[in-house]
Each structure stands twice: as C-alpha cells, then as structure tokens.
Amino acid sequence: MANESPKHHQLEAKRKRLTWILGVSGLCVLFYVLGAWQHTSPPTNLSKSITKVACDTSNSAAVSSDPSSSSSVLLDFDTHHQIQINNTASVNEFPPCDMSYSEYTPCQDPQRGRKFDRNMLKYRERHCPTKDELLLCLIPAPPKYKTPLKWPQSRDYAWYDNIPHKELSIEKAVQNWIQVEGDRFRFPGGGTMFPRGADAYIDDINELISLTDGRIRTAIDTGCGVASWGAYLLKRDIIAMSFAPRDTHEAQVWFALERGVPAMIGVMASQRLPYPARAFDMAHCSRCLIPWHKNDGMYLIEVDRVLRPGGYWILSGPPIRWKKYWRGWERTQEDLKQEQDAIEDVAKRLCWKKVVEKGDLSVWQKPLNHIECIASRKTYKTPHICKSDNPDAAWYKDMELCITPLPEVSSSDEVAGGAVEKWPARAFAVPPRIRSGSIPGITAEKFKEDNDLWKDRVTHYKHLISPLTQGRYRNIMDMNAQLGGFAAAMAKYPSWVMNVVPANSNPDTLGVIYERGFIGTYQDWCEAVSTYPRTYDLLHAGGVFSIYQDRCDITHILLEMDRILRPEGTVIFRDTVEVLVKIQTITNGMRWKSQIMDHESGPFNPEKILVAVKTYWTGETKQKQ
C-alpha cells in the first residue's frame, strides 16, 4: 500500500484548522447576540407612572408604595446598560426651597428688577441671578396643587389652588377676564376691548381679513392679559405667541399657560423680542398700553422686524375710535387724535398700507417686499433701512431705529424670502429658508429625512409613554428644536410645542420653524426660562446636555427643568450613555424616577433615551405662630 503524500496531510490540517476557527467564530457571534438580547429589556411603558394623583394634603410630599394607590409611581427603572454609577448614598438630595419661592421666576424677579432703570421699562426685562445667587433647591408646588384640567376644558377653567391669585378677578371684573367660582377660576373669554368675548371679537377680525383659509397661521399678541385671544384662535388653526410682563397684573401669563395656551413672560422695552425676523403672519394689540408712537416708533419698527412679508398688524383700544371712547379713557380728544396721527405716520414710514378701520379695529399690512420702500427713502429719510445687521439676532440684542431689510426680489409682486404654503400643508412643505439655501448644510432632502426620522421617533415614544398623544401632555417644550420635526410630528394631537433654539446656534433654525407654522423662542440654557413654575407637562431634551456640559453646571439646567415642569410631568432626554448617566445621578436627588432605554433603532446605537417622571410632592403650609 502506497504512502499518502505530505501535501495531502498539510491540506487536511489546514481544513481542520479553518473548520475550528469558523466554529469558534460562530459560537462567539451567537453568544454575543444572546448576551445583547438578554441585557436589552423591552421598553417600559410609562403610562402606569403617569396616573392622576389624589392630592393628599396631609402628607403631600410622600409617594405611596402601594401599587393600588393612584399617587404611586409604578416604574421599574432598572437601567438597560450594565454601567456602575454612584449609588443613592452618594447622590446629593436637593431640599425643597422655602414656600416663598413657590412662584419664583429667576430672570423676572420683581425684587431684583427694582434695582434696574425704569426708563423704557428696562427693569421688567430679563435680569438673571448671578452665579452666587443661583438656588440649589427644588421649587415647591402649593400645598393643595392639583393636576391641571385637560384641554379643551382647561381653556375655560383652572384650579384656584394652583395659582391662588384673585387680583385679576377683582381688578378686571367688569371686563370678564377671569372669575372665581368655588375651587376654580373660570375664563369667560372677555377682554378690555371685546366685551362680547374673544370669539365674537375674532369673528369681527375675520370680516376684515380672512383667518380661516390657512394663509394666517402664526400670530403674536403683545400685552396678552390671560391670552383669551390666543385661546380662541386655536380652534381656527392659528397659534399665537402671547406675552406680557410680570407686573401689577399678577400672574396673567401664568393663567394663560395653566389654561393650556402658549405664552411667555416678556415686555416691549429696550431689547428685541426673542424671535427671528419674518416670523409671524399677524401681530395684535388690544389696549396693550404699549406707546407705539413714542421713541421714534421703535416698538412698531420691532413689530415690523418680526412680521412676515404681507403680514398684518391689528390694533384696538386707544387711540382707535377715540371720538366714541375719549371720555371713558379719561383723555382729551386732542391727545388721542395726536397719538393716532403719530401711529399712522410711523406706519407710512415703515411702508405699511392701512387696510381698513372699522368699529373698534384698525388693520395695517406690511409690504411683500421692499422695492417701493427703498425708493420711498427719498421722501422718508427716517427710519433708514438697516445695514450689515443679522435680522434674526434677538438674544439680549437692543432694538434699533432702522427698518430690518427684506431679502431681495426680482419683481414687485414677489414675496421677499419666499412664500409659504397654506396651513396645514405648510407644516411639511420645504420652508423658504431651506429652499433658498440660506441654512448652511440643510437641503430639501435632509429636511424630508428629518421629518421621516421624527415620525419614527414619536411612534417609538408612544410605546414608551402611551398617554403622549392622548391629551395628557398639553404644554410641551422642545429644548433643542433644530428643524421643528418633533413639533410637526405632534401637530395632529391635542398639544402644542414651544420650540427652543439655543441662543447663538449655528446654524440658527428658529426662522425655519416659524416658516413651518410653529412657534418658539431663543434661549440660553445656562439661564432660566421666561416662564412661571409648573407650566409644562413634557420637556424634550435632545442633545442639550452635550451642548452645555462644558458651558455651565448641568445641575442648574436640571433644577430649572424641575422648576418649569409640573408635578408628574415627564422629560425625554436623548444623549450618549455617559451624559445620561451623569443626568440620572443628579435627578435621583430631585425626586424624579427615571430609566435609560434603547434608541428607536435598537441596542447598538450609541445614543440612548432617558425617560424621567417628576414625582408628586408639594410644599407645606406655614403654621401660624
């Protein structure tokens, strides 16, 4: 029998070695997949944790451990990733602040404001605490705090114990702003210039300019009261940014937000409003007491900046229809006529056209472009058209006595900057700023991809938080809104989104958000928000802490989030595991319950989701000595 060749033995050895390598590799892959599957628990449904709370004032700070209790937080918040973090013994527990801070608005604190110049109401602008003045405690809710009523009931009613202020119900009793009925407030929809109610008043406006054909979507209400105008515009698919200062009309913006109506603390003073140029389709002032004719028309110049080309300005109250009302306004006819003439003159110099004056209403319209306006500078030397200025710059930026230039056009009937679609198509149509290529790095294709991405994300969120789209969360804030994709994906549900673009972002996308028919504001998250405590149901923080972790102490950002979040409110964080673990370590000491979960694309994506719920607790009533 012939011996086998050495070459044959070598081939056999190579085959066995290759088989062994492939076998071991296959087993490694199998055990890796099994391990990943084992350590990735399915998303926990948070709906059980967001049950309505029975407000037990006898032990308001306690959270029941009984699963049958409606006030218990039924969450299994084990992390999905086997990462060791500081245990609870090493976590800083933040104490509650004194009850005197229950209504604290850090950057609009009346006591701090008194130190500043009263000229042009500068003392009512934002004046934030210094680093040494920042609080390291949790702002308490009032002892009998209740979950706000659901929309649309909240439009007309709010719990008295949540905002225990009767001043407006007395001061504005004749005007029907607000009434106290037992344990709740009722909002009849009245206003100083709409005694028949906001609904009828809006119908009067609709007879002058169409509010129902989708052309007008975004509005701004200057000096809004309790925001009844904005509240009743919502059923006409118009969303208004209502603002008013924190002044003697105590808590007016707070009432608006408690009703589920968009609003901010703000004032026409010396600085630009925190919105981009060409943002609003309509601006409104109903006896808002803003001196439009003074300071060389500076406040109307600022309204012109934020109005879209072709947008409307509506004015009711003094001096409009002064011949009828001058006695009731306790002013002379000469004084009121002079004021109206001055307003008319500023409007002409801004190239506005007076559309109509009928009854108590006057309406002006901004031009579609500046072709004729530039030519008219030969007649009107002031205000001149601004040069080399960023029209969208609006964070601590002083107002200017010049007209914000509109983008150039090639014909007199062309809309400067590009026309927007009618609502609701406007929400998903490519915005003009993207269409024109003025947002670096954002193309029409990327915009559409972003819409698809947010549609998937909201579907995923619905699995994590089942009440998300059922009206449980009315007031939502997106802390890093980017292109407004989250707001667009939520548009069909009974909620609204305050889209925040971090101040000095590059690129600045807030103008895009307004072109889509949504509202928002600039904000530096190293400072407090211009709102009252307990005004938002849900906060969305995508990538916020990666942006700010090297700029300021993230503890203060989280404490500010706690201040503006309602008891039992929810926060969705999106970030890397390392950042989320830092956040969770801090929020464990803030009476929040939280859980890290996988990205919607699966466990292998490095970005994760942290869902947190603020537990129900309240401050204690001070005992009388």
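**Aromatic rings**

I began with rings and found that Y160, F185, F187 and F255 make up one aromatic cluster. My rule for a pair was that rings of Phe, Tyr and Trp (its six-membered ring) have centres within 6.5 Å; planes under 30 degrees apart count as stacked, over 60 as edge-to-face and the rest as tilted.

Before going on, I noted that this is a predicted model, in which local features need pLDDT of at least 70 and side-chain atom pairs count only at pLDDT 80 or more, while totals for chains, interfaces and linings use all residues. Residues are numbered from 1 along each chain as its sequence is written, and side-chain values use heavy atoms, with hydrogens and water left out.

How many aromatic pairs does a search of the whole structure find? I got 18. One of them joins F280 and Y514: the ring centres are 4.9 Å apart and the planes stand at 70°, so I filed the pair as edge-to-face. F280 belongs to strand β7 and Y514 to helix α15 (residues 510–515), so this pair ties together parts 234 residues apart in sequence. Helices (H or I, at least four residues) and strands (E, at least two) are DSSP runs here, numbered from the N terminus.

Are F280 and Y514 buried or exposed? Both are buried. I used buried for under 20% relative accessible area, exposed for over 50% and partly exposed for in between (1.4 Å probe, protein chains only).

Next I looked at W454 and F486, a tilted pair with 5.7 Å from centre to centre and 45° between the planes. W454 sits in helix α13 (residues 444–464) and F486 in helix α14 (residues 485–490), so I was looking at a link between distant parts of the chain, 32 residues apart. W454 counts as buried because its relative accessibility is 4%; F486 counts as buried at 0%.

**Charges over rings**

I also checked for charges over rings (NZ of Lys or CZ of Arg within 6 Å of the ring centre and within 35 degrees of the ring normal). The charged end of R184 is over the ring of Y157, 5.7 Å from its centre. Likewise, R551 has its charged end over the ring of Y548, at 4.9 Å from the centre.

Two strands pair if DSSP finds at least two bridges between them. Axes are lines fitted to C-alpha atoms, for helices over the stretch in contact, and angles run from 0 to 180 degrees between N-to-C directions.

Three bridges join β1 to strand β3 (residues 184–186) in the antiparallel sense. Which residue in β3 stands opposite W159? I found R184 there.

**The seven-stranded sheet**

Then I traced an open sheet of seven strands with mixed pairing, in the order β6-β5-β4-β7-β8-β10-β9. Its edge strands are β6 (263–265) and β9 (353–358), each pairing on one side only. From one strand to the next, the twist averages 20°.

I followed β9 to strand β10 (residues 361–365): the two run antiparallel and share five bridges. K353 has Q365 as its bridge partner in β10, and E357 has S362. Two residues lie between the strands of this hairpin, where G359 takes a positive phi near 60°.

**Helices on that sheet**

Which helix lies across β8, β9 and β10? I noted α10 (residues 333–349), which runs at about 150° to β9. In α5, the buried residues include A198, Y201 and I205. Their cover includes α6 (228–233), β7, β8 and β10.

**The whole chain**

Of the 625 residues in the chain, 55% are buried. I took contact as heavy atoms within 4.5 Å. Among contacts between residues at least 6 apart in sequence, 70% join residues at least 24 apart.
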